Structure formats: structure tokens, C-alpha cells
Amino acid sequence: MPVSTNRIDKIEKSIIYIVLFVFIGLTMFPLIWVFTTSLKPNDESMSFPPKLIPEKVTLENYFFVMTNSTIVKSLYNSLIVSVGSMILNVSICALAGYGLARFEFRAKSILLYVILALFTIPIIVNIIPLYSILANLNMLNSLLSLILTFQILIIPLNVVLLKNYFETIPKEVEESALIDGCSKFGVLRRIIIPLSLPGLAVAAIFSFIFSWNEFVLPIVLANSPDSTLFQVALYQFISIYRIEWGYLSAGIVVALVPVIILIIAFQRQMIKGFTLGSLRG
Amino acid sequence: MHITAIFKKAGAPTRLMKLTASLLAVMVSLVFVSLYFENNFEIVFGQQITLTAIVAEPKERWDILFDKALEKLKANHPDMDIKIDYRVLPYDATRTQILTSMSGKTPIDLISVDQIWLGEFAEGGFLTDLTNKTKDWGRANEWYPTNWEGGKYENKTYGIWSWTDVRAIWYWKDLLKEAGVDPQNLTSWKGYIESAKTLNNALKDMGIQGVHLVGAAHSPDMWYPYLWMLGGEILKQKEGHPEKGTYWFPAFNSTEGVKALDFLKQQVDAGISPQPNHFWGQEFADKKFAVMLEGSWLLGTFPKEQWGTLDQNIGMLPVFPTPSSDVNSTTMMGGWLLSIPQTSPNKDLAWELLTIMVDPQILTPMLQQEGYLPTQKPIGEGAYAAQLNSTIPYYSELVSMIPNAHSRPNIPEYPQIAENIKQAIDEVYYKIKEPKQALDDAAKKSAEVLGW
Amino acid sequence: MMTFSKTEPYLYLVPALSILFLFLLFPFFWNVYISLHQVSITSILKEWRFSGTDNFVQVLNDPNFHTSVKVSAIFVGSSVTFQFLIGLLISSLLNQNIRGKQLLIAVVMIPWITSGLIAAFSFKFIFDNSFGIINYFFNSIGLHSIPWLSDPNTVIWSIVIANVWYGTPFTILFLTAGLLSVNPSIYESAKIDGASKLKSFFYLTLPLIKPFILLDVVLITIWSINFFEIPLIMTGGNPLFASTPASLYMYRQAFEFGLLSKGSAAGILLLMINIMVAIIYIVALKKRG
């Protein structure tokens, strides 16, 4: 009965779309609300009853945020730290993941468990010791120390992710290249890296997002005007302008733009990386 | 998937990836350039003395103060290139930052200390003993005695109380008129609750609440005045402490305390909801509340150009509501102290900066801008007072509250005791315990904190 | 077999391990040391008195800690359950043959990239008692306002909603990846058998993506246990510790009250819970074979 299967298919499809769009609607609602608020003049953002569509569209909130020198500087800082942390993280995790995937050695499983166990430590209890260590190294309020400390947030996850990814690349490919006279470095550059690009993309996105979003470490470890990160600046901005939701929502929208661009750009690679990495624990 | 297929798929970089790669390259070079500058900044710009400070928001007050003070400090030392690097942090973050900085022995030259933190910080050895410096300075007797004492811990001076604030009743004249409420009714406990009900009924549809009730971290601050006006105390000295002989013991669970807390309970029973978010008067300025018991800083949330005519719209009663007319009202006095951390490498210069900052000539314009009240006689009386009186609305009425105002103990254990009291108040707000039970439990925990 | 010297594999691990040791393990041991001594604001610069397990006893006897563990249990339990179930539903729908899949995936990911800070502020904004849109909406359809952030019984659900909103996209992404890794030809054979779609989902798909599910659940569980930015910013843990999970309890002890040792001890107790979760995961994996 081809007709009725067709109809069932159609009903099924529409249910799928309805559920998906309801979900997306619920998901996007807070952000849409934030976005429309950012376009309202401040007295309207708290008016009663609340209005979803601004009566008077204004860009003054954005103007205010973008002319705040701390915010602008912090955006730049955050970009440097997140990109720096991403590059460093992908490099060291790729090395570690490669080491764990390609070699059989005695301490291998122990090291792997240690790395995984470290993942469970609540970072926040370490703040005071971390501060003292950085103070002794004279590295407080530096973007470099933020790049280094952010590594602890993400190394364990990315090491495991990349290890699994490298394991999906057959050893034979590498071995035959070595036999063909390729140097070890040549193998890494010509074969491993191109083959693992999707995996590296996932790792890169993870480290970027974790660094971009981190708030507790930088608020304590770096808050000089020169080293403030965006999340911290936004937090301080909000506490200073307490209830000025217009400014706050404009700040939120500004914060979202770079990450959304990144996600859209890397999206295809990411799903592919996830799939092939087939993250076995 | 076949190996060669993977190879082909991943091996041919897309245009997007090329673009990403070049973007990354640009960003990497940015990282290195900025790291270079960060590390070489001081070498490039030569020697200078930078004084560092950690202070609590709002920012504006520090901008005004540091700007003027630095000018004067530079004039005193034409041979030096002095800079001030001050970080304005949110209230909670200020405390966290001071704590971590001190534990990491970070050099800092000046900090703002909430009056209740002083004992804790002094006991912790964070603060420089200023006793000798103040003797040479000779301005101690120009302070109001309570305010000077507030800078002392165990008879040594650790901070200079720079400005204060008092809490009072504020109300929107038009809203009270519309609801038919006589402001004078707000001055008695009974009238306060009746007025709140009337206001709530009349203003509900406009999204405006009648009276404000603090349910945030500092809700004890708005309860103490009731305790004090009845003759109660937060803590009192008691003999027989296992380590210290005579030491402080919780007294807030007295009958006065229970009666005071019962007034808050009556408010909740009358339908007034405690506000977990406190915006320090902004919610009143935004007309979300018709009546608010709030500190004098509330004035600072109104634009300065409105100050001249503010008394036409906003009313102020320099009291807390009292249970009966024969009880004298009290209020609570808070404010900020300036201290020099133990880790300061430039203690003399920092002290000089501090004295300049509390110099009437420098300090008064800031007080005038923010609506703060003075802690020293040269500003509180005479020409400066006239200046403040002519710009700050209700200035003289606010100042008149100071003689009856109390301040909170600044012993090291106070922040924990306040947390216990706050919990007791919350337990009453949310009908988990009766006032007596809640206060007794808080007193028990506080006695433990105090080492009994 | 490739040949390599004995030290070679360790060389690859040196950078990652040295950072972990310097910035994670070393501070952690320091922290254990703090938890065994009497360290607070008033004693941090003085000699640290050894106090054995006093701090742990104090934490374990603190009624507020008990409350916070209960809050944690609800917070973690419901966050993980909802994140997982919603994530599974949405990812399997996204895995159907629908148009615009790529774009949809990018859109559903957005909450996860907003950061906890932004999620918390956004929800604080829409849950606000006086001008929040949710209560206004409730009023306009004839329901009573809900004191989202001020009632001790409601507030936990407000932070759960915010956390589910923030965390679900990760699960969607993770499980989408899992579903994509399933070879479609399996379904073809199942169709011939006449198995219904739901049946094939439960009996074919779920077992196949089990490793993804396990790892996802462990990750979101540990993250939820350690996470406190949302309650910190939305409510500060108030009222009455009703929105203070154990992680926030730890933070408040250490940084709000300056009782560093007590905070450290709470942190170590938290770590033990985490390790238990991880062990359960490893056992579950081993069982799989």
C-alpha cells in the first residue's frame, strides 16, 4: 500500500519538524529576548508590561558597550588567549594522543587513567594554590599564564579524543610511508595531520570554547586593566551598571558573535571529527 | 569506509580550511606581538613608581578621588613619575581579590575595606599598622569619635574611615498620594504594614510593589536598627571564654531581637515579599517600589541634574519605623575605610596618597557627587557642610541621623556571625522557623564561631 | 612493527603531563595540605596549625553542607536526566532524513557556546519577579506568578532549567556524532524484517551508540557536579542554601567566608564523589567487554 506509507511518512516528517522547531524556539527564546532588549532604550527594557518587540529601535546600547575601552580591550585579550590556548592545546594534546595511540609502553594505561582522573578535580579549589604558584613565578596578570592555566580545563578531554581519533588511522598507512623513505616528521606532516584534520578541528573548537567561556580562573588570576578577559569584563560591567539590562544584553550579543561565527565555520569538520573519533573511553 | 577514501576526503583541504589557516596564522602573530609588548612594556617606558590599589565599585567615586589625589601627589613630588593602577571590582570580588593577593604576597599599596572586614583583615596580618603615622599626622581628633574608633582593631589603627552612610525611609510622593497613604504612617510598625497593604492593592496593576523588604546577603543590616531601637545588641562582652577570658558573646537572640524579627515576619505575613536581588536603590529610582528603606547612597542612583528638584518627587523620613511613639528610632551606619596592605612596597608614599584622598579639599567634591556622608568634622561642619547641604537633597536630615546611628562590630568573626543571622532571617521569611527558634539556633552557631 | 626507543613515547607526553602536574596536580596536593590545617583569612599569613581531619568533620556536620548535597543531588540528577533525554530525542530527530540538517545542528548548539555567565544572566533576566517576561506570560494566560528566584522550593528548578538549557546542546552534538557513526545499512536489513522504527531505535541504535552514551553521561555528570557559575550568578546560592549545590558551598566557604580549609575539605569530598562516578563508568565499560 504505497499511498498510506507515504502518508505515514509525511505525518512522521511533520511531527519531526514540529518537535524540532518547538525545541529550537524554546532554546532561542531567551537569546531572542536578550537580543530585542539590546535594541531597546534603557527605560523601555524595564517597562511594565514587558514588550518583545522594541517600540523604538536604538543602537545606543551597542554604542555604549563598544566605546567602553575595557570591554574592547578585553575582547582583544580574550581572542588572543582563546586562540593561543587553542593552538597550544591542540599541539600538546595531539602529541600526547599520538604517543598514546601509536606506542605500546609500560606506563601507558596508568598514564591514561591519571589523565582521566585529573579531569575530575574541581578546578575552583585550586585557585589559592594556583594564585600562589603564579605569584611566585611572577606571572600574574599575564595573558600567557592564562593560556597555560586554561590548559588544565581541557587537556584530559582532548587527549582522549585525539588518542581515539589517531587509532582510527590504520598503522599500515604510516608504516608503508616510512618504508617509502619518508622521515618520521614527514609522516606526521603529510599523513597524520591531514588525515586527522576533522579530529583536530573538534579539539580546537573545544579548547576555544572552554577558554572563551572560562570565568572563574581569570577573575582571580588576571584582572589588571591590561589583562582582563571578556567574561570578566562583562561580569564587572554588569555589576557596575547593575540593572541596566540594555547594556548587559548588548554585551551578551557582542560576546556571542565571534563564537557563533566560529561554530558555523567549523561545523562540518566538527561533526565529521566526532563521528570518526568514535570516542571510545 | 575505505582508507583511500578517507585519505582523499581529508587530504584535499577546502577553501574554508585554507581561509581558517591563514586567519589562525594572523592570530598567532597577534599573540606574539602582544606578548612581546606585555613583557617589555616597562623597559620601553622607563622607570616610574606605580602605586597599585584594589577598591570596590561603584567606579565613579574612585575615578574622581584618584584623579584629584594623583594630581596633588605629583605636585608634592615633582622629581618622581608616579602612576596609580587601581582596579575597581564588584563587592564580593574585592574581598576574594584581597584574600588571594595577600596569600600570594602580591605587592598592593592601597585597598578599600568595608567597615566590617577590618577586624578580619587586621587579625590576618593583611594591614599595615598606621598608629604611629596617624600620630605624626595629627588629624585623628578631627574625626567623629565613632568613625575614628571604627578604624581601630585591638587599639591600633589599621584604616581611615573615609565616608559613611545611613539608612532611612524613601518614598515616591505621587504614588503615596495616589494610594491615599499618609507618609507619617510609615513611621510606626503598625502604620508601615497597613500602608504596605494599601499601596500593594493600589499599585499592583502598574507592576509596582508597595514597600521593599531586603532578602539578600545583607538583610541583617536592615534588621539591626529594630534590634537597637528596642535596646538590644548584636554581641556583648562576657566572662569565662576558654581562651580569651572576657570576649564577645551573641546577644541578638534576646527578647528585643525576637520582637524585632517578629516585625519582619509580620511584613511577610502581610504579603510583602523579600527581594533576593538588591540593586541598591536603583529599583526605587526606576519606580518599581513606592517605599524603600535604603542607604543614603540611593541618591546617587538619580541623575545629578534632578537633584535640585528631587525633594518635590521623593520624600525622605530620617527614621526606621518604631513599635510605638515613645521608642527612639535608630539607624545603621556603614561605609568604607582606606587601608595600606602589609605587602605595600611604598608604604610612605601610599600613606601620603591616603592622607591626600581624605583631605577635605579632595574628598568633599566626591561626597557631593555621590551623596555620601562625611566622617570628619571639617567636612561635616562649616563651609564644606554648606556646600554639601546645598547640593545633596535632604543632606541635613540625613546627617541628623548620625548621632543615633550604630555601627556593626568589626571583630574578625563578624562576617560569619552575619551569615548566621542572615540565615535566621531567611528561615523566618520562608516560614521554616519561628523568630525565637531561628535566632537561638543562629546564636548557638555564632557562639561556636566565637570560640565558646 | 615500527621501531622506537624506550623513551620515545614518553617524550610525546611530556608537554601535556608537565602542564597538568604544574597547574593541576601540584596545586591539588597543596590543597590537600590546606584541608588538613587550620587556614582562614585570619591565619593564612601565620603558621598553619595542623588540625587533622577537623575540617572534614566540620563540613560533614554542617547542616548547610547536608542541604547543599541534597541540592547537588537534585541539580545534578535532574540536569543530567533532562539533558540526556532531550539530547537523545533531538539528536535522533536530527539524524532523520531532513532538510537543513547542518544549519539546524549549528543553531541548537548556540546555548552551549554562550558561557555559563551569559546563560545565568539571561535567565536571571527572564525570571525576574517584577519585569521578567516569564511571569508576565504566566499572568497573561491566567496563571499566578512564580517566585522563580526567591522561593526556597522553586529556586532549585530555576537553576536546573538554566543548566539544562545551557548543557543540552553538548549532548545533542555528542549523540549526533554517535548516531552518524552507525552504519545506515543496518537499518536497511531491519526494515526488511518489518521492525518498527521505534523498535529498531531501542534494539539496534541504542546498543550501538552505548559507548557514546556512557561517556556523555559521565562528562555531563562530572561537569554538573563541579559547576557553580549558574547558581552563583542567578541566586548567589540563596535563599537559605536552597540553590547552593556542594560546588557552590565549597566556593562560598573559601571565598565568601574566607574559610579556606573548610572549602578545601569540601572540594576533596566533591572529588571523591566525582571519582566514584568515574569508577562506575569504568566498571560499566569493562562489563561491555
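Guide: In this predicted model, helix α11 of chain B, residues 255-269, packs with helix α20 of chain B, residues 435-449, at an angle of about 125°, and the two axes lie 9 Å apart. An angle of about 125° falls in neither the roughly antiparallel range, which begins over 145, nor the roughly perpendicular range of 65 to 115, and α11(B) and α20(B) are therefore oblique to each other. The crossing of α11(B) and α20(B) is right-handed. On the side of α11(B) the contact is made by B:Gly257, B:Val258, B:Leu261, B:Asp262 and B:Lys265, while α20(B) brings B:Pro435, B:Lys436 and B:Leu439. By residue class, the contact of α11(B) with α20(B) divides into 4 nonpolar, 1 polar and 3 charged.

To place this pair within its chain, one can turn to the domain assignment, in which chain B is divided into domain 1, made of 49-165 + 334-406, and domain 2, made of 166-333 + 410-449. The centres of these two domains of chain B, taken over C-alpha atoms, are separated by 27 Å, and the contact between them takes 28 residues from domain 1 of chain B and 25 residues from domain 2 of chain B. On the side of domain 1 of chain B that touches domain 2 of chain B, at least two residues each are supplied by α5 (118-123), β6 (160-172), β12 (331-339), α18 (395-400) and β14 (405-406) of chain B; of the elements on that side, α5(B) gives the most, with 4 residues.

Between chains, the contact of chain A with chain C takes 71 residues from chain A and 68 residues from chain C. Several helices of chain A each supply at least two residues to the side that touches chain C, among them α1 (2-38), α4 (69-102) and α9 (184-213), and the largest share of that side, 14 residues, comes from α12(A). The residues of the side of chain A that touches chain C divide into 56 nonpolar, 12 polar and 3 charged.

How values were computed. Residues are numbered from 1 along each chain as its sequence is written. Chains are lettered from A and ligands numbered from 1 in the order in which they are written. This is a predicted model: local features need pLDDT of at least 70, side-chain atom pairs count only at pLDDT 80 or more; totals for chains, interfaces and linings use all residues. Domain bounds come from an automatic or database domain assignment. Two residues are in contact if their C-beta atoms, placed from the backbone, lie within 7 Å. Ala, Val, Leu, Ile, Met, Phe, Trp, Tyr, Cys and Pro count as nonpolar, Asp, Glu, Lys and Arg as charged, and the others, Gly among them, as polar. Axes are lines fitted to C-alpha atoms, for helices over the stretch in contact, and angles run from 0 to 180 degrees between N-to-C directions. Angles under 35 degrees count as roughly parallel, over 145 as roughly antiparallel, 65 to 115 as roughly perpendicular and the rest as oblique. A crossing is left-handed if the near helix is turned anticlockwise from the far one by less than a right angle, and right-handed if clockwise.
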